[in-house]
Amino acid sequence: MIDFSNTSLEKLAVHKVGNKLKADSLKISKGLADIENQATGELLLKYFLSPFNINEFYTLNHPTDINLNEIYSFSDKIFSNDANFYIQSIAIAKHLFEKSSHPKIKTGELYVCLLRNCRVENQTIDAIGIFKSERKETFLKVSPVKGNFEIDSEKGINVNKLDKGCILFNMEKESGYRVCIVDKANKTEEAHYWKEEFLNLKTCSDNYHHTKDYLNITKAFVTEILPEEVSKAEKIDILNRSMDYFKNKEQFNEQEFAGEVFENTNFIQSFSKYKEELQVEREFDIVDDFEISAPAVKKQERVFKSVLKLDKNFHIYIHGNKEMIEKGVDEKGRKFYKIFYNEEA
């Protein structure tokens, strides 16, 4: 859990980073930005921090030596001595410029800031914020002029719409610091440069990601691996049972989960084999006993579909008990589902 209610903005550097592929320039500021104005400081904190109401954490990564991760090295120098802040902010801007080579990456302002009094898991710590604004919006400006009003327009940044950001908390240094990110372009091809090329992140091995990973694996197994003779209604029923397990339990146990959700011995064995193959293929461990993360369950629940779509005519919402649904084919060869119920709501 992150709490920014007492966080203050200590230092801020602003640079402009262009697209290297398009021969755009990198413009370095001559010094730190002036943040003495209280109203401006509060507005900046809102712009930077309000999108980070999340529970998902990452760590900086490198395949051979974490000290070779550029952002880790720059951040370590700042945390060690904040007199290094301005010089390291330039290093961060240059590193981002080198990674900005996808044709769709937009030029934008890069903000590097030093944050004090961040609260993470009952620890009060410093943090480094790295944010980028790419989109400009048009605003109307109405000004009184000689007893009348003059209307003009200008381009500016919407403080309610942060494009990209990351916050590195000064904790767990040995494993790559604790990091959280925001990327509004995370579904597009060019988005990889922020998370993978610029930051080089990997997921934390915590209960949030254990819960998220297991739900994703279960969903993929049910929708993609179970044999075709298993009806869509049965698959939805299994998905509902798996979600109910995570919503109603505090501790995950793989053996208990498999027995309650899949029931069928062949399904249980097939799921175990699928999970083992994934671990080898993706080179990561899937733990079989962990504390279930409620925020991860809530987030994953949105993608667990319980809708049975029949051509373009009907959508049936299934919330449980597959015994109340019967599938068949009539004498004319038309497929049907027969639905039983006790009471009409």
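1. A search of the whole structure turns up 24 salt bridges, a salt bridge being a side-chain nitrogen of Lys or Arg within 4 Å of a carboxyl oxygen of Asp or Glu. Side chains of opposite charge can pair when their charged atoms come close. Before going on, note that this is a predicted model, where local features need pLDDT of at least 70, side-chain atom pairs count only at pLDDT 80 or more, and totals for chains, interfaces and linings use all residues. Residues are numbered from 1 along each chain as its sequence is written, and side-chain values use heavy atoms, with hydrogens and water left out.

2. Start with Glu10 and Arg116, a salt bridge whose closest N and O atoms are 3.9 Å apart. Glu10 sits in strand E2 (residues 8-17) and Arg116 in strand E5 (residues 108-120), so the pair ties together parts that are 106 residues apart in sequence. Strands here are DSSP runs of E with at least two residues, helices are runs of H or I with at least four, and both are numbered from the N terminus. Glu10 is partly exposed at 40% relative accessibility, while Arg116 is buried at 19%. The cut-offs: buried is under 20% relative accessible area, exposed is over 50%, and partly exposed is in between, with a 1.4 Å probe and protein chains only. Both residues also belong to a salt-bridge network that links Glu10, Lys11, Asp82, Arg116 and Asp126.

3. Next up is Glu98 with Lys20, where the closest N and O atoms of the salt bridge are 2.5 Å apart. This pair links distant parts of the chain, with Glu98 in helix H3 (residues 85-99) and Lys20 in the loop between E2 and strand E3 (26-27), 78 residues apart. Glu98 is partly exposed at 45% relative accessibility, and Lys20 is partly exposed at 36%.

4. Lys136 and Glu109 also form a salt bridge, with 2.9 Å between the closest N and O atoms. Lys136 is in the loop between strand E6 (123-133) and E7, Glu109 is in strand E5, and the two are 27 residues apart. Lys136 counts as partly exposed at 37% relative accessibility, whereas Glu109 counts as buried at 16%.

5. Which residues make the nonpolar surface patch? Leu140, Val142, Phe149 and Ile151 do, over about 490 Å². Such a patch takes residues with over 30% relative accessible area and no salt bridge, joining nonpolar side chains (Val, Leu, Ile, Met, Phe, Trp, Tyr) within 5 Å. Strand E7 (137-145) and strand E8 (148-156) each supply at least two of the patch residues. Phe149 belongs to strand E8 and is exposed, at a relative accessible area of 60%.

6. Two backbone spots deserve a look. Most residues other than glycine have a negative phi, and most peptide bonds are trans. Asn117, not a glycine, has a positive phi of about 60 degrees; Asn117 is in strand E5 and is partly exposed at 39%. Lys146, also not a glycine, has a positive phi of about 50 degrees. Lys146 lies in the loop between E7 and E8 and is exposed, with a relative accessible area of 85%.

7. Finally, the helices. The axes of H5 (residues 207-225) and H9 (residues 294-301) come within 8 Å and cross at roughly 30 degrees. H5 and H9 are therefore roughly parallel to each other, a label for angles under 35 degrees.

Technical notes:
Patch = residues over 30% accessible without salt bridge, like charges linked within 9 Å, V, L, I, M, F, W, Y side chains within 5 Å. Areas by Shrake-Rupley, 256 points an atom, 1.4 Å probe, with all protein chains shown as cover. Axes fitted to C-alpha atoms, helices over the stretch in contact; angles between N-to-C directions. Parallel < 35°, antiparallel > 145°, perpendicular 65-115°, else oblique.
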